[in-house]
Amino acid sequence: MAFPRARLITLPLLPSLFSTTLKPFLPISPLLPPPPVRSLAAFASLSASETQDSPAPRVPPPRKTAERWKPMCLYYTQGKCTMMEDPMHMEKFNHNCSRDLEVTNSMSNGIHFQNLDFFLVLDLEGKVEILEFPVLMIDAKTMNVVDFFHRFVRPTEMSETRINEYIEGKYGKFGVDRVWHDTAIPFKDVLQQFEVWLIQHQLWGEELGGCLNRAAFVTCGNWDLKTKVPQQCKVSRMKLPSYFMEWINIKDVYLNFYKRRATGMMTMMKELQIPLLGSHHLGFDDSKNIARVLQHMLADGAVIQISARRNPDSPENVEFLFKNRIR
Ligand SMILES: [Zn+2]
């Protein structure tokens, strides 16, 4: 009766592979054929037109307001989820980035003409070195999410022990330290992939070497692009890429439009009565929340314009374009 015994021994091991909710990645044995991994070429994966329902219904389905909020699958946002066939995984994690960012008709009625076609909402994480690089691409006319780019970033000038402590402290509390370790890549590689993404969306051309084309980064404060990216470029021994030469500090636009001073994302959300979704200081969630602030401001009729620009001859000098601004 060797067969049933063997089954008894192996079966209890199986559920343990699935029991830990935050481990959607299975260890891949080199002896087994690899699971269907979304290729890097397909990482620009989600467009507003890509929905679960097929064929597209003529009348949009009623908004599922009763459906509970789910955390994003952070393997999916990086084009690396291998469990999209698993109903339990799909039930637990959100794989639709437009969720939480849906635009209603009444919102888009008030929208003003914009000088830009796309906003790239960016909210970096990491104090010593950058740990996360999330970007949401928002259409300036419809306010919809067109696409996103998300990578966890592995520091290059830190010991393994230090990295482990840093990640435990920063991401452990959100339960995403495992996905960070599984996916993080050096900043240099992140920017290389980001440039492919920009080119795919015709937002930038390497040969032109200039600013973004009809698009601009939107950040909450000046820290991300004035301070952190140049610092990280030095650490990673790279030249500051040309697409980082100008940006929109949403807090400056907020001050000039509402005539109210907001110190941060939480203040803006509170004042505009936008509930916080996800985990504050998880970069992808923060970017989504900043994008919701941006959508709200667009719906209120704000014109979202460049607020800071580096001098092309001396990039260390930043010129601030609004008279009234948050200091
Ligand atoms: Zn997933």
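Helix H9 (residues 250-258) packs against H11 at about 30°, with the axes 11 Å apart. Axes are lines fitted to C-alpha atoms over the stretch in contact, and angles run from 0 to 180 degrees between N-to-C directions. H9 is therefore roughly parallel to H11 (angles under 35 degrees count as such). Helices here are DSSP runs of H or I with at least four residues, strands are E runs of at least two, and both are numbered from the N terminus.

This is a predicted model: local features need pLDDT of at least 70, side-chain atom pairs count only at pLDDT 80 or more, and totals for chains, interfaces and linings use all residues. Residues are numbered from 1 along each chain as its sequence is written.

Which residues meet where H9 contacts H11? Contact means C-beta atoms, placed from the backbone, within 7 Å.

| Helix | Residues that meet the other helix |
|---|---|
| H9 | Ile250, Val253, Tyr254, Phe257 |
| H11 | Ile290, Val293, Leu294, Met297 |

By class, this contact of H9 with H11 has eight nonpolar, no polar and no charged residues.

In H9, Ile250, Lys251, Asp252, Val253 and Tyr254 are buried (20 or more other C-beta atoms within 10 Å of a residue's own). Their cover includes strand S5 (215-219), strand S6 (246-249), helix H10 (265-271) and H11. Just after H9, Lys259 takes a positive phi of about 60°.

The largest nonpolar core has 74 residues; Phe119, Leu120, Val121, Ile138, Val218 and Leu294 touch the most other members. Such a core joins buried Ala, Val, Leu, Ile, Met, Phe, Trp, Tyr and Cys residues through C-beta atoms within 7 Å. Helix H11 (residues 283-299) gives the most to this core, with seven residues.

Definitions and conventions
A residue is buried if 20 or more other C-beta atoms lie within 10 Å of its own, exposed if 12 or fewer, and partly exposed in between; C-beta atoms are placed from the backbone. Angles under 35 degrees count as roughly parallel, over 145 as roughly antiparallel, 65 to 115 as roughly perpendicular and the rest as oblique. Two residues are in contact if their C-beta atoms, placed from the backbone, lie within 7 Å. Ala, Val, Leu, Ile, Met, Phe, Trp, Tyr, Cys and Pro count as nonpolar, Asp, Glu, Lys and Arg as charged, and the others, Gly among them, as polar.
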